[in-house]
Amino acid sequence: METTLVLIKPGGVQRNLIGEITRRIEARNLKVVGLKLLNAPRATVEAHYAEHKERPFFNSVVDYLTSGPIVAIAVQGDNAVKAIRAMMGATNPLEATPGTVRGDLALSIEDNLTHSSSDPEAAAAELALWFPEGTI
Ligand code: CMP
(Lines give C-alpha, C1' and ligand atoms only; values in the text may rest on other atoms or scores of the structure.)
Protein backbone atom coordinates (compact mmCIF):
# COMPACT_ATOMS: atom_id res chain seq x y z
CA MET A 1 0.00 0.00 0.00
CA GLU A 2 1.33 3.43 -1.00
CA THR A 3 0.22 7.01 -0.40
CA THR A 4 0.98 9.73 -2.93
CA LEU A 5 0.29 13.43 -3.37
CA VAL A 6 -1.83 15.09 -6.03
CA LEU A 7 -2.07 18.86 -6.36
CA ILE A 8 -4.82 20.36 -8.48
CA LYS A 9 -3.22 23.56 -9.74
CA PRO A 10 -4.96 26.99 -9.85
CA GLY A 11 -6.15 26.47 -13.43
CA GLY A 12 -7.88 23.23 -12.50
CA VAL A 13 -9.65 24.89 -9.57
CA GLN A 14 -10.66 27.89 -11.73
CA ARG A 15 -12.01 25.57 -14.42
CA ASN A 16 -14.16 23.72 -11.84
CA LEU A 17 -12.27 20.47 -12.35
CA ILE A 18 -11.87 19.54 -8.67
CA GLY A 19 -14.79 17.12 -8.91
CA GLU A 20 -13.76 15.65 -12.28
CA ILE A 21 -10.19 14.94 -11.20
CA THR A 22 -11.21 13.58 -7.79
CA ARG A 23 -13.90 11.46 -9.47
CA ARG A 24 -11.29 9.81 -11.69
CA ILE A 25 -9.06 9.07 -8.69
CA GLU A 26 -11.92 7.48 -6.75
CA ALA A 27 -13.24 5.62 -9.79
CA ARG A 28 -9.85 3.87 -9.99
CA ASN A 29 -10.57 2.53 -6.46
CA LEU A 30 -7.88 4.68 -4.89
CA LYS A 31 -8.75 6.19 -1.51
CA VAL A 32 -8.68 9.88 -0.64
CA VAL A 33 -7.00 10.03 2.79
CA GLY A 34 -6.35 13.79 2.87
CA LEU A 35 -8.00 16.70 1.05
CA LYS A 36 -7.68 20.46 1.40
CA LEU A 37 -8.32 23.65 -0.57
CA LEU A 38 -5.73 26.29 0.20
CA ASN A 39 -3.83 29.36 -0.94
CA ALA A 40 -0.36 27.83 -0.87
CA PRO A 41 2.35 29.80 0.94
CA ARG A 42 5.19 30.70 -1.43
CA ALA A 43 7.75 29.01 0.85
CA THR A 44 5.82 25.74 0.68
CA VAL A 45 5.70 25.84 -3.12
CA GLU A 46 9.42 26.70 -3.31
CA ALA A 47 10.22 23.74 -1.06
CA HIS A 48 7.91 21.52 -3.13
CA TYR A 49 9.72 22.41 -6.37
CA ALA A 50 13.24 22.62 -4.81
CA GLU A 51 14.58 20.03 -7.27
CA HIS A 52 13.69 22.44 -10.12
CA LYS A 53 15.37 25.44 -8.50
CA GLU A 54 17.94 25.87 -11.28
CA ARG A 55 15.46 25.31 -14.12
CA PRO A 56 14.38 28.37 -16.17
CA PHE A 57 10.71 27.77 -15.36
CA PHE A 58 11.19 27.67 -11.56
CA ASN A 59 9.98 31.23 -10.82
CA SER A 60 7.06 31.03 -13.21
CA VAL A 61 5.84 27.70 -11.84
CA VAL A 62 6.10 29.05 -8.27
CA ASP A 63 4.26 32.24 -9.34
CA TYR A 64 1.60 30.10 -10.96
CA LEU A 65 1.08 27.75 -8.00
CA THR A 66 0.66 30.77 -5.70
CA SER A 67 -1.68 32.66 -8.08
CA GLY A 68 -4.90 31.16 -6.71
CA PRO A 69 -6.35 28.37 -4.62
CA ILE A 70 -5.10 24.83 -5.14
CA VAL A 71 -6.29 21.47 -3.86
CA ALA A 72 -3.91 19.05 -2.15
CA ILE A 73 -5.03 15.42 -2.08
CA ALA A 74 -3.37 12.46 -0.37
CA VAL A 75 -4.24 9.30 -2.30
CA GLN A 76 -3.75 5.76 -1.00
CA GLY A 77 -3.87 2.38 -2.70
CA ASP A 78 -1.83 -0.44 -4.19
CA ASN A 79 0.93 1.08 -6.34
CA ALA A 80 -0.75 4.47 -5.90
CA VAL A 81 2.32 6.45 -7.03
CA LYS A 82 2.59 4.75 -10.41
CA ALA A 83 -1.18 4.47 -10.89
CA ILE A 84 -1.69 8.20 -10.31
CA ARG A 85 1.23 9.22 -12.56
CA ALA A 86 -0.19 7.09 -15.37
CA MET A 87 -3.68 8.48 -14.80
CA MET A 88 -2.46 12.10 -14.98
CA GLY A 89 -0.49 11.51 -18.21
CA ALA A 90 2.71 13.05 -19.57
CA THR A 91 3.85 16.37 -18.05
CA ASN A 92 3.42 18.03 -21.44
CA PRO A 93 -0.29 17.69 -22.25
CA LEU A 94 0.53 17.63 -25.97
CA GLU A 95 2.25 14.29 -25.33
CA ALA A 96 -0.37 12.97 -22.91
CA THR A 97 -2.46 10.02 -24.09
CA PRO A 98 -6.20 10.52 -24.49
CA GLY A 99 -7.91 8.97 -21.47
CA THR A 100 -5.47 10.62 -19.06
CA VAL A 101 -6.38 13.76 -17.12
CA ARG A 102 -3.95 15.88 -19.16
CA GLY A 103 -4.69 14.11 -22.43
CA ASP A 104 -8.39 14.83 -21.98
CA LEU A 105 -8.44 18.16 -20.17
CA ALA A 106 -5.19 20.13 -20.63
CA LEU A 107 -3.33 21.77 -23.50
CA SER A 108 -0.25 23.57 -22.13
CA ILE A 109 2.69 22.52 -19.95
CA GLU A 110 2.37 25.68 -17.86
CA ASP A 111 -1.19 24.71 -16.95
CA ASN A 112 -1.05 20.95 -16.90
CA LEU A 113 -3.75 20.85 -14.20
CA THR A 114 -2.07 18.58 -11.68
CA HIS A 115 1.16 17.68 -9.98
CA SER A 116 1.70 14.13 -8.73
CA SER A 117 4.63 12.60 -6.85
CA SER A 118 7.24 10.98 -9.09
CA ASP A 119 8.27 8.09 -6.82
CA PRO A 120 7.62 6.79 -3.27
CA GLU A 121 10.48 8.84 -1.77
CA ALA A 122 9.17 12.05 -3.34
CA ALA A 123 5.67 11.11 -2.17
CA ALA A 124 6.81 10.78 1.45
CA ALA A 125 8.59 14.16 1.34
CA GLU A 126 5.69 15.92 -0.41
CA LEU A 127 3.06 14.45 1.93
CA ALA A 128 5.10 15.66 4.92
CA LEU A 129 5.22 19.13 3.32
CA TRP A 130 1.54 19.45 2.40
CA PHE A 131 0.01 17.36 5.21
CA PRO A 132 2.26 18.04 8.22
CA GLU A 133 -0.71 17.17 10.42
CA GLY A 134 -0.79 13.72 8.83
CA THR A 135 -3.44 11.96 6.79
CA ILE A 136 -6.46 9.88 7.77
P1 CMP B 1 4.86 19.39 -12.34
O2 CMP B 1 4.62 17.92 -12.47
O3 CMP B 1 4.05 20.11 -11.31
O4 CMP B 1 6.42 19.65 -12.05
C5 CMP B 1 7.08 20.85 -12.45
C6 CMP B 1 6.17 21.76 -13.22
O7 CMP B 1 6.79 22.83 -13.90
C8 CMP B 1 5.51 20.93 -14.30
O9 CMP B 1 4.56 20.06 -13.75
C10 CMP B 1 4.97 22.03 -15.23
O11 CMP B 1 3.68 22.45 -14.87
C12 CMP B 1 5.92 23.20 -14.99
N13 CMP B 1 6.70 23.50 -16.17
C14 CMP B 1 6.68 24.66 -16.84
N15 CMP B 1 7.52 24.63 -17.88
C16 CMP B 1 8.11 23.41 -17.88
C17 CMP B 1 9.06 22.76 -18.70
N18 CMP B 1 9.61 23.37 -19.75
N19 CMP B 1 9.43 21.50 -18.40
C20 CMP B 1 8.89 20.86 -17.33
N21 CMP B 1 7.97 21.43 -16.51
C22 CMP B 1 7.58 22.69 -16.78
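Two strands are said to pair if DSSP finds at least two bridges between them. Helices here are DSSP runs of H or I with at least four residues, strands are runs of E with at least two, and both are numbered from the N terminus.

Before the details, a word on the model. This is a predicted model, in which local features need pLDDT of at least 70 and side-chain atom pairs count only at pLDDT 80 or more, while totals for chains, interfaces and linings use all residues. Residues are numbered from 1 along each chain as its sequence is written, and side-chain values use heavy atoms, with hydrogens and water left out.

I begin with the strands. β1 (2-8) and β3 (70-77) pair in the antiparallel sense, over 7 bridges. Within that pairing, Leu5 stands opposite Ala74 in β3, and Val6 stands opposite Ile73 in β3. Strand β2, residues 31-38, is also antiparallel to β3, and 7 bridges join them. There, Leu35 stands opposite Ile73 in β3. So far, then, Ile73 has come up opposite Val6 and opposite Leu35.

β1 has a further partner to mention: 3 bridges join β1 to β4, and these strands run antiparallel. In this pair Leu7 stands opposite His115 in β4.

How covered are these strands? I call a residue buried under 20% relative accessible area, exposed over 50%, and partly exposed in between, using a 1.4 Å probe and protein chains only. In β3, 7 of the 8 residues are buried. In β1, 5 of the 7 residues are buried.

Now to helix α4 (58-65). Its buried residues are Phe58, Val61, Val62, Tyr64 and Leu65. They lie on the same side of α4, because they cover an arc of only 160° around the axis; the arc is that of the directions from the helix axis to the C-beta atoms. As background, an α-helix has 3.6 residues a turn, so residues three or four places apart point the same way. What do the buried residues of α4 pack against? They pack against β1, α1 (10-14), α3 (42-48) and β3. Contact, here and below, means heavy atoms within 4.5 Å.

Thr114 lies in strand β4, residues 114-116. Its relative accessible area is 0%, so Thr114 is buried. Leaving aside neighbours within four places in sequence, Thr114 is in contact with Val6, Leu7, Lys9, Ile21, Met88, Val101 and Arg102.

Thr22 is in helix α2, residues 18-27. Thr22 counts as buried because its relative accessible area is 11%. With neighbours within four places in sequence left aside, Thr22 is in contact with Ile8, Val32 and Ile73. Thr22 and Asp63 are 41 residues apart in sequence, and their C-alpha atoms are 24 Å apart in space.

Thr44 is found in helix α3. With a relative accessible area of 18%, Thr44 is buried. Not counting residues up to four places away in sequence, Thr44 touches Leu129 and Trp130.

Two asparagines in loops come next. Most residues other than glycine have a negative phi, and most peptide bonds are trans. Asn16 has a positive phi, near 60°, and is found in the loop between α1 and α2. Asn16 is exposed, with a relative accessible area of 67%. Asn29 has a positive phi of about 70° although it is not a glycine. Asn29 lies in the loop between α2 and β2. Is Asn29 buried or exposed? Asn29 counts as exposed, because its relative accessibility is 59%.

Last, the pockets. On a 1 Å grid over the protein atoms alone, a pocket is an open set of points where a 1.4 Å probe fits, with protein on both sides within 12 Å along at least five of seven lines; lining residues have an atom within 4 Å of a point. Grid points are joined across faces, edges and corners, and the volume is the space filled by probe spheres set on the points.

The largest pocket has a volume of about 540 Å³. It is lined by 20 residues, and Tyr49, His52, Phe57, Thr91 and Asn112 lie nearest its centre. α4 and β4 each supply at least two residues of that lining.

Which classes make up the lining of the largest pocket? It has 5 nonpolar, 8 polar and 7 charged residues. In this count Ala, Val, Leu, Ile, Met, Phe, Trp, Tyr, Cys and Pro are nonpolar, Asp, Glu, Lys and Arg are charged, and the others, Gly among them, are polar.
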